[in-house]
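Hello,

Here is the structure I promised to pass on to you. Have a look at it first, and then read my notes below.

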Amino acid sequence: MATYFISDLHLQASQAKVAQGFLDFVASLEDAEALYILGDFFEFWIGDDYSDPFVESIKTALKTASTQYPVYFMHGNRDFMIGQAFADETGMSLLEDPCVVTVEGRQVLLMHGDSLCTRDEVYMRMRPLLRNPTWQASMLEKSIEERLVIAQNARMESATKDPKMADSEIMDVTPDAVVKAMDDAGVDLLIHGHTHRPKVHTHQLELKEGSRMVLGDWHEDKGWMIKACNGKFELLSLAL
């Protein structure tokens, strides 16, 4: 049996190959003990009251998967509005960010990863607001049409950011924040996504050396996962 971790699929109807890749992936996990989705599963999410044929196809796949193995979901910076209604419909369990789970007999810290990017000061100021239940409730009072416009405008603003800024260290994690998070949690293994920079890093913690495994995002032809099995954690690419 194996435990799987994925992140940053950014699912949307216009990216049919990625969506099909996900459907094939969850259907293929015959040895799965659990699946963890660590945020930015959808490109954006405007509320559990929204649906369309694409969303329903993803819900169906998740519901089918959750009858075969536990599926856990952690919010990202794109889909922080996913709520309990969506979880109930799909059979998923919602996770706090951060949280510590036991996998292969090892304590593992799970995060989406955006809270580690402390040099992105503009986003760090916005993050508490976006995660605030009162603000989210006020958003859900708006019509679906209004929320779609807000989400589309936010995506356009993100897409037009200065490429030099997007490629700089400001968009990556702050090493000190990583070490603090791992020391505070008392773990030597951290798994996260968000940065779209798949790699395994080593960090010197307070008492020992630790590992940070970063999941990559899913493209038209490639996805990423971490597979934990027989005491090993492997970062693997997937051909879509």
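The side chains of Asp97 and Arg127 make a polar contact at 3.4 Å; a polar contact is a pair of N or O atoms within 3.5 Å, where, within protein, one must be able to donate a hydrogen and the other to accept it, and residues adjacent in sequence count only if both atoms are side-chain atoms. This is a predicted model, in which local features need pLDDT of at least 70 and side-chain atom pairs count only at pLDDT 80 or more, while totals for chains, interfaces and linings use all residues. Residues are numbered from 1 along each chain as its sequence is written, and side-chain values use heavy atoms, leaving out hydrogens and water.

Where does Asp97 lie? You will find Asp97 in the loop between β4 (93-95) and β5 (99-103); strands are DSSP runs of E with at least two residues, helices are runs of H or I with at least four, and both are numbered from the N terminus. A polar atom of the Asp97 side chain also lies 3.4 Å from the backbone nitrogen of His112.

Now the sheet. Six strands form an open sheet with mixed pairing, in the order β4-β3-β2-β1-β10-β11; two strands pair if DSSP finds at least two bridges between them. The edge strands, β4 and β11 (232-239), each pair on one side only. Within this sheet, β2 (residues 32-37) and β3 (residues 71-74) pair in the parallel sense over three bridges, and Tyr36 has Tyr72 as its bridge partner in β3.

Next, the aromatic rings. The whole structure holds 10 aromatic pairs; rings of Phe, Tyr and Trp (its six-membered ring) pair if their centres lie within 6.5 Å, and planes under 30 degrees apart count as stacked, over 60 as edge-to-face and the rest as tilted. The ring centres of Phe25 and Trp218 are 5.8 Å apart with planes at 80°, so this pair is edge-to-face. Phe25 sits in helix α1 and Trp218 in the loop between β9 (209-214) and β10, so the pair ties together parts that are 193 residues apart in sequence. Are Phe25 and Trp218 buried or exposed? Both are buried, meaning under 20% relative accessible area, with exposed over 50% and partly exposed in between (1.4 Å probe, protein chains only).

Phe80 and Trp135 form a tilted pair, 6.2 Å centre to centre with 45° between the planes. Phe80 is buried, at a relative accessible area of 12%, whereas Trp135 is partly exposed at 23%.

Enjoy exploring!
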